[in-house]
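Q: Could you take a close look at a single part of this model for me? I'd like to hear what it packs against, and how.

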Amino acid sequence: MQHTCDIVVIGAGPAGLSFAAAAAPSGLNILLIEQSSQETLANPPYDGREIALTHPSRGIMEKLGLWQHIPAEGIYPLKAAKVINGSSPYTLNFPPPTDGKGQLGFLVSNHDIRRAAYQAASQHENVHFLTGHKVQEAVNGEESVSILLDNGDTVSARLLIAADSRFSQTRRQAGISADMHDFGRTVLVARFSHTTSNENTAYECFSYGRTIALLPLGEHMTNCVITIDNRRLHEITELSPEALAADLEQHLQGQLGKMTPAGSIHTYPLVGVHARRFSARRTALIGDAAVGMHPVTAHGFNLGLASADILAGLIVQAAASGQDIADTKLLEKYEAKHILHTRALYHGTNFVVKLFTNETPPAKFLRNTVLRLSNHLPPVKKLITKQLTG
């Protein structure tokens, strides 16, 4: 079967769905291809991931109609953040901002964002879905884009949007290379309830041997994000949920009181990716296909949402004025707007992670020095806070 559309989006994850919702006002025919079923898109399962959203991201989500579909009880305030290095009692503090917003941002479960994005995108009559199939080949020709699916169906479009993951096959087929960094670590995520209030404060604990991020989901529930060397992964994966809770209590020195498992446990390989270009002939990259971040800065979806919003805005303008939505200059304009910021944030994050997971004596000394300097240099602290809040 032959399918024809104006824009084909490969990948109906949060970024692809957000782009579809943002580009829908153009009136263009948008087709999303997704290997998951329509039922999974409408009711995505819980996957353990909690997403830190900045205030600008909330603004974009409200504009696109996503925020309105997230249940109020699933939106958690992120009031402050602290960074701890090893066993040192000294912390780098990021208090609630004084700009009137009262908090650094929000925490929302990934599956709630996915569901809300699907609801926002699917309400548009010009947004269509082709689910349950994989893309075998994507060819970005001079005049159009051609897609071959695993069932033999083909899709012809004017513009191709790659939103299929940080390991994007579409990106490779478009001839776009990427910087990929395998940290040699695995992320384990799980919710735990606890007896002591977390005060709606996030913690990044660079412990020796592992890194533990604590994301507050209300005062007595925390999503614990543990990153550990793959060679030592068995130390935590072989533990029962109750034993893992006790292990965390010990590592956190009772900071959250008695901890109890409150959900399923999930693991993910830790790999960072940054495409060297965000566009090619009749092709643009958004979301993780463009940038797949280390979770320490919690900016993955914020950057993906920004990419969808920027690109869709340019396309809506082009369609309204009768211009080619796949024009090279338009796609390069999107790339120029998005790539410089993401590249600096990506490499800066990787540098911080490398430093704070290096356990040699000189590195430990430098880690403590960096925290103290950051705390006592207002311009530096302000810059970091600005990155955290968007």
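Predicted model: local features only at pLDDT ≥ 70, side-chain atom pairs only at ≥ 80, totals over all residues.

A: Helices here are DSSP runs of H or I, at least four residues long, numbered from the N terminus. α8 covers residues 300–320, and its axis comes within 8 Å of that of α1, crossing at roughly 30 degrees (axes are fitted to C-alpha atoms over the stretch in contact, and angles run from 0 to 180 degrees between N-to-C directions). So α1 is roughly parallel to α8, a label for angles under 35 degrees. On the α1 side, P14, A15, S18, F19, A22 and A23 make the contact (heavy atoms within 4.5 Å). Facing them from α8 are F301, G304, L305, A308, L311, A312, I315 and V316. Sorted by class, that's 12 nonpolar residues, two polar and no charged (nonpolar is Ala, Val, Leu, Ile, Met, Phe, Trp, Tyr, Cys and Pro; charged is Asp, Glu, Lys and Arg; polar is the others, Gly among them).

Now for α4. α1 (residues 14–23) packs with α4 (residues 110–122) at about 30 degrees, axes 8 Å apart, which means α1 is roughly parallel to α4 as well. This crossing is left-handed, with the near helix turned anticlockwise by less than a right angle. P14, L17, S18, A20 and A21 of α1 touch N110, I113, R114, A117, Y118, A120 and A121 of α4. That splits into nine nonpolar, two polar and one charged.

Residue numbers start from 1 along each chain as its sequence is written. Local features need pLDDT of at least 70, side-chain atom pairs 80 or more, while totals for chains, interfaces and linings use all residues, and side-chain values use heavy atoms, without hydrogens or water.

Notes: Helix = DSSP H or I, 4+ residues; strand = E, 2+ residues; numbered from the N terminus. Parallel < 35°, antiparallel > 145°, perpendicular 65-115°, else oblique.
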